[in-house]
Amino acid sequence: MTMTRPHLDPYDHKFHWDPYPQYQVLREQDPVYFNEELGIWLLTKWEDVNHAFRDLKSFINTGATSLEKDSTEKLPFPMFIFSDPPDHTRVRNLFAPLMTPDGVQKLEDYTRKKAVALIEPHLASGSFDFVADMGCFLPMDVISRLTSVPATDQDQVRGWADDLIAREDKQHELSERNVQGFMNMAQYFDAHSRKHAELPHEDNLIGVLVQSEKLGVLSHEQVIGTLILLAIAGNETTTKLIGNMAYRLWQHPDQRRDLVKDPALISKAVEETLRFDGSSQIIVRRVGRDITMRGKTLKQGDRVGLCIISANRDPDKFKNPDVYDIHRGSRDHMAFGFGIHSCLGAALARMETRVVFEEVLKRMPEYEIDESSLKRAHNPNVRGFTNVPASFKPQKR
Amino acid sequence: MVAITYVEHGGTRHTVDVEPGSSLMIGATLNMVPGVDGMCGGICSCATCHCYIPEGWRSRISAAKAEEEAMLEGASYRDKRSRLGCQVVVTEEMDGLEVHLPPEQGMNS
C-alpha cells in the first residue's frame, strides 16, 4: 500500500483559495512537518504554535525574515520585527505608546470620516468593492497619518507594497518585482525621513522615528526599514481582513443581520473573522537552540513557519473550529501572533475593521457578493482578496 | 539587571533578572514564568499580564494611566493591588520586588 505523504506548499495559488483542508491533514497526520523543497518546518497545532511564541530562547526572530531564505541579503533595511530582546524591546518600546487604546482612539474619528467618504460615492450606483474601493485605501490612509505620507503619494507607496508581496504561482524566491518594490520604498522613505527631520517635531510615528535617529537610538537604515514595514503591515493585512470579513458575513446572512440589529456585536465579529479567516497565514521563526517537538528534532538555525491560521482552526483548542460564529467573540486566537512580537498594530486593525463594518452595515446591510468575480492576492503569508465586488439596492442621494 | 520575583498563585516563586527599561510583562515572558501570557505584547490591549504589586512597593512605581485602568476594569480577580505588567517599566529601584500573580489571566466575559 502506498501512503500519500501530507504536503503543503504555501506558494501554491490554488492552496490560497481554501487552505484549511490541507492544514487539517497536517494537523492530524504530521503536525511538525518539514517541507524539503523549501527547507522549512511548518507547525500547525495551536499548542505547538503557542509554545513557539512563548519559548523565546528556542524560537528567535533574528534572521527569520520571511519564507524566502535569502531575503535578508536582498532586502537590506533592518526591521525591528526581525530582532530579539533586548534590542527588540528597546525599539518596540519607542512605538508601543502610539498603538495603545488611547493612541488608537485618537485615530477613530478620522478613520470613520474616511470610511464614510469611501462608501458614500458608491451608494447611488448600488455596487461597491470591499477591497478595491475601501480596504486598499483606508488602512493606508490611516497609517499615513502616523507616518505623514501625503495623500498624493499613497497610491504609489501602496503599489510598491503590492509589488513587494506579490508572488507568481509557486514562486519560491524573491522576484525582480519584489526587490524593486522594496527598493522603491527604501528610496522614497529615505528622502521622506530626511525631509521630516528638518521639520518641527511631529506628534506621530515619523516624529518618534526622526527624533530617535537624532538621538542615536536608531540608525537611518532602521528608520527606513521601519517605514517600509509600516507601509506593508499597516496596509496589506488590514486590507485583506476587511475583504475576508465582507465575504464571510455574506456567506452568513443571519449573522450579518444580527450585526445590523446590534452593532455592538461587530467587534466580536471582527474577532471571529480574525480566528476563522485571518489575513496572515504564517509567521516565521528560526530555531535558537535544538528542540524536540512531537519526536522530531529541530536544529539550531532551522527555519520554522508558525501556521497561525491552522492553529486557529485546531479542534483541540476551539469547539467546532470550522464554524464561523460571530457570537463566539473569542480572543484567544493567534491572528496577531502572541507575546512580545505580536502585532503592534492589532488595536488599530481591530478599530479600523470595526468602524468599516459599522458604517457599511448602516448603509448596505443586504449586500450581495459576486463570488465568480472574487480575485485573490497571492503571497505565502498575506492571504486575502484584491477584489470583493458587492451589489446592493441603490440609494437616492 | 534587576532581580524580580514572580510568585504564582499557587505559591511557586520565580526569581529572574530583568533588563531595566523593559517591563514586568517582558521580564516574565522572556523567562517563561507560568501565569503571565502578555498576549498583546505590551500595547495595553489584552489584560493577560495582570499582576499584583504589594502595598510597600506601590509608591515606588509610577501610577496607572487611564487606559490601563480601563483595561483592568474587565480583568478577572482585580483588586487594589492590580496592575498590568506591560505598563510597569522596570527600574533599578525595583530590585528585589515581589510580584504576585492571579489564579488565571484574562477578561471577565
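This is a predicted model: local features need pLDDT of at least 70, side-chain atom pairs count only at pLDDT 80 or more; totals for chains, interfaces and linings use all residues.
1. **The A–B contact.** Chain A brings 26 residues to the contact and chain B brings 20. Together the two chains bury about 1700 Å². Carbon and sulfur atoms carry 58% of that area.

2. Four helices of chain A each give two or more residues to the side that touches chain B: α3 (46–54), α5 (87–95), α6 (101–105) and α18 (346–363). The biggest giver is α5(A), with 3 residues. By residue type, this side of chain A splits into 12 nonpolar, 7 polar and 7 charged.

3. **Strand β8 of chain A.** How enclosed is strand β8, residues 303–307 of chain A? Of its 5 residues, 5 are buried, so the strand is largely enclosed by the rest of the structure. R303(A), G305(A) and C307(A) point one way from β8(A). V304(A) and L306(A) point the other way. Both sets are buried.

4. **The partners of β8(A).** Strand β2, residues 40–43 of chain A, pairs with β8(A) in the parallel sense over 3 bridges. In that pairing W41(A) has V304(A) as its bridge partner. Strand β5, residues 282–287 of chain A, pairs with β8(A) in the antiparallel sense over 5 bridges. Here V284(A) is bridged to G305(A).

5. **The E108(A)–R112(A) pair.** Over all chains the structure holds 40 salt bridges. One of them joins the side chains of E108(A) and R112(A), at 3.0 Å from N to O. Why are these two about one helical turn apart? They sit 4 residues apart in helix α7, residues 108–119 of chain A, and that spacing is about one turn. E108(A) has a relative accessible area of 16%, so it is buried, the limit being under 20%. R112(A) is at 23% and therefore counts as partly exposed.

6. **The E359(A)–R363(A) pair.** A salt bridge also links the side chains of E359(A) and R363(A), at 2.8 Å from N to O. Both residues lie in helix α18 of chain A, 4 residues apart, or about one turn of the helix. E359(A) is buried, at 2% relative accessibility. R363(A) is buried too, with a relative accessible area of 17%. Helix α18 is also one of the elements that give two or more residues to the side of chain A touching chain B.

7. **A pair within chain B.** R78(B) forms a salt bridge with E69(B), and the closest N and O atoms are 2.5 Å apart. R78(B) counts as partly exposed, at 37% relative accessibility. E69(B) is partly exposed as well, at 32%.

8. **One network in chain A.** Which residues are joined into one network by salt bridges that share partners? They are E108(A), R112(A), E120(A), R354(A), E358(A), E359(A), K362(A) and R363(A). Both of the chain A pairs described above belong to this network.

9. **W250(A).** This residue is found in helix α14, residues 236–251 of chain A. W250(A) is buried, with a relative accessible area of 17%. Leaving aside neighbours within four places in sequence, W250(A) is in contact with R256(A), Y367(A), E368(A), I369(A) and E371(A). R350(A) is 100 residues away along the chain, and the C-alpha atoms of W250(A) and R350(A) are separated by 19 Å.

10. **H333(A).** Is H333(A) buried or exposed? H333(A) is buried, at a relative accessible area of 2%. Its place is the loop between α17 (308–311) and α18 of chain A. Beyond neighbours within four places in sequence, H333(A) is in contact with E271(A), L274(A), R275(A), N312(A), F318(A), R350(A) and M39(B). A polar atom of the H333(A) side chain lies 3.1 Å from the backbone nitrogen of A335(A). The C-alpha atoms of H333(A) and D155(A), 178 residues apart along the chain, are separated by 32 Å.

Definitions and conventions: Residues are numbered from 1 along each chain as its sequence is written. Chains are lettered from A and ligands numbered from 1 in the order in which they are written. Side-chain values use heavy atoms; hydrogens and water are left out. Contact means heavy atoms within 4.5 Å. Buried area is the accessible area (1.4 Å probe) that two parts lose on being put together, summed over both. Ala, Val, Leu, Ile, Met, Phe, Trp, Tyr, Cys and Pro count as nonpolar, Asp, Glu, Lys and Arg as charged, and the others, Gly among them, as polar. Buried means under 20% relative accessible area, exposed over 50%, partly exposed in between (1.4 Å probe, protein chains only). Two strands pair if DSSP finds at least two bridges between them. A salt bridge is a side-chain nitrogen of Lys or Arg within 4 Å of a carboxyl oxygen of Asp or Glu. A polar contact is a pair of N or O atoms within 3.5 Å; within protein, one must be able to donate a hydrogen and the other to accept it, and residues adjacent in sequence count only if both atoms are side-chain atoms.
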